[in-house]
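These are my notebook entries on one structure. I wrote down what I looked up, topic by topic.

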Amino acid sequence: MPKMTDKALRARDAKRDIGAELLEAARELRAGRWGRKTTIETLADGSVRRRIELPNGKVAKDEVVTGARWALLSARSHSGLSQAEFAAALGVSKRTLENWEQGRVEPTGPAKVLLNLVAKYPDTVKRLAKIRPEELAAV
């Protein structure tokens, strides 16, 4: 699909009712309808299976992936924590976590070691999330 010019984008957007589109999206979510569902499963060998399912039940993608990014996504997914909660438990900003998850930045040094531990022992991050900052200052 060719990239739209600024003029074409403005013409398209002038015809849209963004408020109505957002309300309709909220109604669809409330009704349990979704555009696609991604599930992440950690396999015995440490790799991660990513499966993307469309609303009609068709599987758009089912792949086994490896690497720090996927281990991190798997660990956060299984922790049940939001990005903000997971980032706070690791002591990093939400933006840093987003960059790691999107593959824009590769964690290095101590962060990489911590993420490997979290991937191998998922309960670690839940335990870290329960520690209050003042408890860490006393250590």
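**Entry 1: salt bridges**

I started with the charged pairs and found that the structure holds 10 salt bridges. I noted at the outset that this is a predicted model.

I looked up Asp13 and found a salt bridge with Arg12, in which the closest N and O atoms are 2.8 Å apart.

Asp13 has a relative accessible area of 36% and is partly exposed. Arg12 has a relative accessibility of 37% and also counts as partly exposed.

**Entry 2: two pairs between strands**

I went on to Asp62, which forms a salt bridge with Arg49, and I noted 3.0 Å between the closest N and O atoms. Asp62 sits in strand β3 (residues 59-65) and Arg49 in strand β2 (residues 48-53), so this pair ties together parts that are 13 residues apart in sequence. Asp62, at 41% relative accessibility, counts as partly exposed. Arg49 is partly exposed as well, with a relative accessible area of 31%.

I then looked up Glu63 and Arg50, whose side chains meet in a salt bridge of 2.3 Å, N to O. This pair links distant parts of the chain, with Glu63 in strand β3 and Arg50 in strand β2, 13 residues apart.

Is Arg50 buried or exposed? I found a relative accessibility of 18% for Arg50. Buried means under 20% relative accessible area, so Arg50 counts as buried. Glu63 has a relative accessible area of 23% and is partly exposed.

**Entry 3: the largest pocket**

I turned to the open spaces and noted that about 170 Å³ of space lies in the largest pocket. Which elements give two or more residues to the lining of this largest pocket? They are α3 (68-79) and α6. The largest share of the lining comes from α3, with 4 residues.

I wrote down the residues that line the largest pocket: Thr42, Gly46, Val48, Ala71, Ser74, Ala75, His78, Ala119, Lys120 and Pro122. I sorted them by type and got 5 nonpolar, 4 polar and 1 charged.

**Entry 4: a nonpolar patch**

Which residues make the nonpolar surface patch of about 280 Å²? Val113, Leu117 and Tyr121 make the patch.

I picked out Leu117 from this group and placed it in helix α6 (residues 109-120). Leu117 has a relative accessible area of 42% and is partly exposed.

**Entry 5: Ile131**

Where does Ile131 lie? Ile131 is in the loop between α7 (123-130) and α8 (133-137). Its relative accessibility is 35%, and Ile131 counts as partly exposed.

I also checked the distance from Ile131 to Ala89. The two residues are 42 residues apart along the chain, and their C-alpha atoms are separated by 8.1 Å.

Conventions:
Residues are numbered from 1 along each chain as its sequence is written. This is a predicted model: local features need pLDDT of at least 70, side-chain atom pairs count only at pLDDT 80 or more; totals for chains, interfaces and linings use all residues. Side-chain values use heavy atoms; hydrogens and water are left out. Patches are made of residues with over 30% relative accessible area and no salt bridge: like charges are joined within 9 Å, nonpolar side chains (Val, Leu, Ile, Met, Phe, Trp, Tyr) within 5 Å. Accessible areas come from the Shrake-Rupley method with a 1.4 Å probe; for residues, only the protein chains shown count as cover. A salt bridge is a side-chain nitrogen of Lys or Arg within 4 Å of a carboxyl oxygen of Asp or Glu. Buried means under 20% relative accessible area, exposed over 50%, partly exposed in between (1.4 Å probe, protein chains only). On a 1 Å grid over the protein atoms alone, a cavity is a set of points where a 1.4 Å probe fits but cannot get out, and a pocket is an open set with protein on both sides within 12 Å along at least five of seven lines; lining residues have an atom within 4 Å of a point. Grid points are joined across faces, edges and corners, and a volume is the space filled by probe spheres set on the points. Ala, Val, Leu, Ile, Met, Phe, Trp, Tyr, Cys and Pro count as nonpolar, Asp, Glu, Lys and Arg as charged, and the others, Gly among them, as polar.
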